[in-house]
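Look at the structure below, then follow the text from one packed region to the next. Keep both chains in view.

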Amino acid sequence: MRFSRTSKALGMVAIAALALTGCGASGSATGSGSTGGDTSKVILADGSEPQRPLMPADTNEVGGGKVIDMIFAGLVSYDPSGKPVNELAESIEGKDGQHFTIKVKKDQKFTNGEAITAKSFVDSWNFGAAAKNAQLSGGFFESIKGYDEASAEGSTVETMSGLKVVDDQTFTVELKQPESDWPLRLGYTAFVPVPSGALKDPKGFGEKPVGNGPYKLADGGWQHNVQIQLVPNPDYSGPRKAKNAGVTFKIYQNDDSAYQDLMSNNLDILQTIPTSALKNFKSDLGDRTINKPYAGNQTIAIPEYLPEWSGEAGKLRRQAISMAINREEITKVIFNGARQPAKDFTAPVLDGYSDSIAGAENLTFNADKAKEAWAKADAIQKWDANKTFTIAYNADKGGHKAWVEAVVNQLKNTLGIKVEGKPYATFKEARNDATAKTLTGSIRAGWQADYPSLYNFLGPIYKTGAGSNDASYANPTFDKAISDGLNAASVSDGNKAMNKAQEILLTDLPAIPLWYQVAQGGWSDKVTNVDYGWDGVPLYYNVTGK
Amino acid sequence: MSTYILKRFLQLIPVFLGATLLVYFLVFSLPGDPIVALFGDKPVNEAVAAKLRMQYHLDQPFWMQYLLYLKSIFTFDLGQDFSGRPIAAVLGEVFPVTARLAIMALIFEAFFGIVFGLIAGLRKGKLFDATVLVASLVVIGIPIFVLGFLLQFTIGVQLGWAKPTVSSAATIPDLILPAIVLGLGSFAYVLRLTRTSVIENMNADYVRTATAKGLSRFQVVRVHILRNSLIPVITFLGADLGALMGGAIVTEGIFNVPGVGNRLYRAVLSGEGPTVVSIVTVLVLIYCLSNLLVDLLYGWLDPRIRYDS
């Protein structure tokens, strides 16, 4: 780097000054942990202002989610590879995939001293599901028996019949139907317990949440729009023990200014390198960067309620579109390797992922076959040459414009049809048309996993009538294949069945998978031991000073 | 004088009502359902959505929403934003920061603009004048976000003289660089305005008379040239305070200043009507008040102007 000399010189002056005044760094705890590093460092990381009060079941976006995840502990947490590890659970047992007995570890406490018992969980989950509490993530409890009654509009039912407290440490869960991957979901933040005070005054609690996780909110730690300060929770004994003296999330309005801060060592970890810096961040930061795939993907959903995209002709056209997109080229040229070409509908970090499912060839660029499929579709139902195929995207964040335009050009060149990008000014406008089923063309759709499971990428998006089914895809054979997967005796059998279901998707292509997300982040030269989890979020608890 | 001020204050009432109505209508007409957006990519839980719509009066027709908002203003409870916090508290957090930034920018542009403009005007056609004219033209020509990023990168990242973004407290030293960026454009205008005005007044009869009376050069410049030249400059500065506060969005974005612009931008994106209207209304009031202040200053600068009738 060009300016390293100045900074080094300044650093020396600083060291000299410290030595002269006799106040060296207090934390000479270097090498105390097995991984080494200074555990007395407070880590400065980038964050965004939470949209809602910090109530676990009411938080569904990254800004608040990141904080909730650190100040709360659930039954299980995910290790860096996405494998669930018991956190508060002593055991989670269930043989038929529908009835579970959950034992909670003894002597666990919230940071206010309140004991965590089986009742804490049951009360928290009931609270999250009940319609009267209007919690945004209430839908996560939908598999539990009694959810429908509690969550119906205007319902006064406050408990789900599927949850029963057996004793202080034990409770049982009955699901509506067998779902073999249900225990996998328990690491999601909506499933954590909250203290009883939270249920009485959720709003007040959301301002000053009291949790049980590896960290707790510092006194007055949430300075709105400015920063959120977390300090280690000394009573936490789970697998995510803090190896630093705290994490402060500085709230940024845009990633560009965060990147400037990172380069001048005013920020320790930047979760996502901004698009503007993708070309040069490796030369700016040297080896202080990471490039790691995580459980997220990008697709283009094509609604089947549009006449020209329905039936056999629609299917052939979607295959043509898919084969006309050169994913390799776009990931290289537009993203500089920050994405990986998709080979299926899920993500490579997941247990059970396969890059060679039958039909995956439909996701490979092949101009001739694309033209052929398009011609076949034309033979069934002629494509109106004046018609424009649109790809809608939200222009307010995410930097989608560049790749949408690249896809537009590839489709134009290969298929010789009119194609256009259709920007929506804001995300909410785009979502509005998608949920109201009033799209006039395709729309970009991204999925970030809530919990590490293949099902999470398939069921909620492509099942008939599913909530996020933007494409209005309805195929009973696929639905059957998915429920076979959920009914499977073991996780690995379930994964096999899920990939069988994907074979159907790869032919029907209700959405066209484009690429997998790759986390690209960087850190300052003051910290070390930085790694990212399966969900593309840094494992903040592991980071130490140098 | 006092009746004049009273009149001006009474004029604020229709301005206030008009501004709130207009802004509320604009936010109301923004496409997209803010509650649906809260769910992100996730399926919308209709029961939860209905409950939230009711909580924020989003299930009501426009007039009802507006009247409810007006009611909330007169009961000194501006309602809540989507994170459940009182909007009044939000205003209390963001306005001091932006006010600090805007006033620093105003002081910067007024002081340097007037001083440089005066010197340039007095030395019309000399080297200093020419340099300043070209430099100000460049500043006016370059968009503020280019200047912002440029200064952030050179002064903040490369030279390390200032932090590239402001610290959590947004203290005065933190805000120096952002204030300079924010004030640069207006600085160039103030400079040119002062210069032109000074040149005009130098040829005025009363200046010649004052010089002929034997007044010192300093006194001529201070009392006769500068004071008369300041009237258009003060008009500009008064209007600029409002513009600086409302227009700080770009600068606040670059330097990550937790102020009005940042919160307003977020509120517009998420469709939080009451938050947007409350912020804009305060901005409108500041604009009106600073204009009133300017009108009163005229009387002090030029005794011929009176507000008696």
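Beyond its neighbours within four places in sequence, A:Leu458 is in contact with A:Phe345, A:Ile482, A:Met498 and A:Ala501. Contact here means that the C-beta atoms of two residues, placed from the backbone, lie within 7 Å. This is a predicted model, in which local features need pLDDT of at least 70, side-chain atom pairs count only at pLDDT 80 or more, and totals for chains, interfaces and linings use all residues. Residues are numbered from 1 along each chain as its sequence is written, while chains are lettered from A and ligands numbered from 1 in the order in which they are written.

A:Leu458 belongs to the buried part of α14(A). Eight of the nine residues of this helix, 454-462 of chain A, are buried, so it is largely enclosed by the rest of the structure. A residue is buried if 20 or more other C-beta atoms lie within 10 Å of its own, exposed if 12 or fewer, and partly exposed in between; these C-beta atoms are also placed from the backbone. Among the buried residues of α14(A) are A:Tyr455, A:Phe457 and A:Ile461. The buried residues of α14(A) pack against β16 (442-448), α15 (476-487) and α16 (491-508) of chain A. Helices (H or I, at least four residues) and strands (E, at least two) are DSSP runs, numbered from the N terminus.

Now widen the view to the cores. The largest nonpolar core has 162 residues, and A:Ala320 and A:Leu458 have the most contacts inside it. Strand β17 (residues 511-523) of chain A gives the most to this core, with eight residues. A second, separate core has 58 residues, including B:Leu78, B:Leu147, B:Leu175 and B:Leu191. A nonpolar core is a set of buried Ala, Val, Leu, Ile, Met, Phe, Trp, Tyr and Cys residues joined through C-beta atoms within 7 Å.

Turn to chain B. What does its secondary structure come to? Chain B has 13 helices and zero strands. Its C-alpha trace spans about 85 × 60 × 30 Å along the principal axes. Of its 309 residues, 38% count as buried. Among contacts in chain B between residues at least 6 apart in sequence, 75% join residues at least 24 apart.

Two helix pairs show the packing. Helix α5 (residues 87-122) of chain B packs on α8(B) at an angle of about 35 degrees, with the axes 5 Å apart. Axes are lines fitted to C-alpha atoms, for helices over the stretch in contact, and angles run from 0 to 180 degrees between N-to-C directions.

The axes of α8 (residues 172-202) and α10 (residues 217-246) of chain B come within 8 Å and cross at roughly 160 degrees. α8(B) and α10(B) are therefore roughly antiparallel (over 145 degrees). Their crossing is right-handed. Residues that meet here include B:Leu182, B:Tyr189 and B:Leu193 in α8(B), and B:Ile225, B:Pro232 and B:Phe236 in α10(B).

Last comes the interface. The contact takes 44 residues from chain B and 48 residues from chain A. On the side of chain B that touches chain A, α3(B) gives the most, with six residues.

How values were computed. Parallel < 35°, antiparallel > 145°, perpendicular 65-115°, else oblique. Left-handed = near helix turned anticlockwise from the far one by under 90°.
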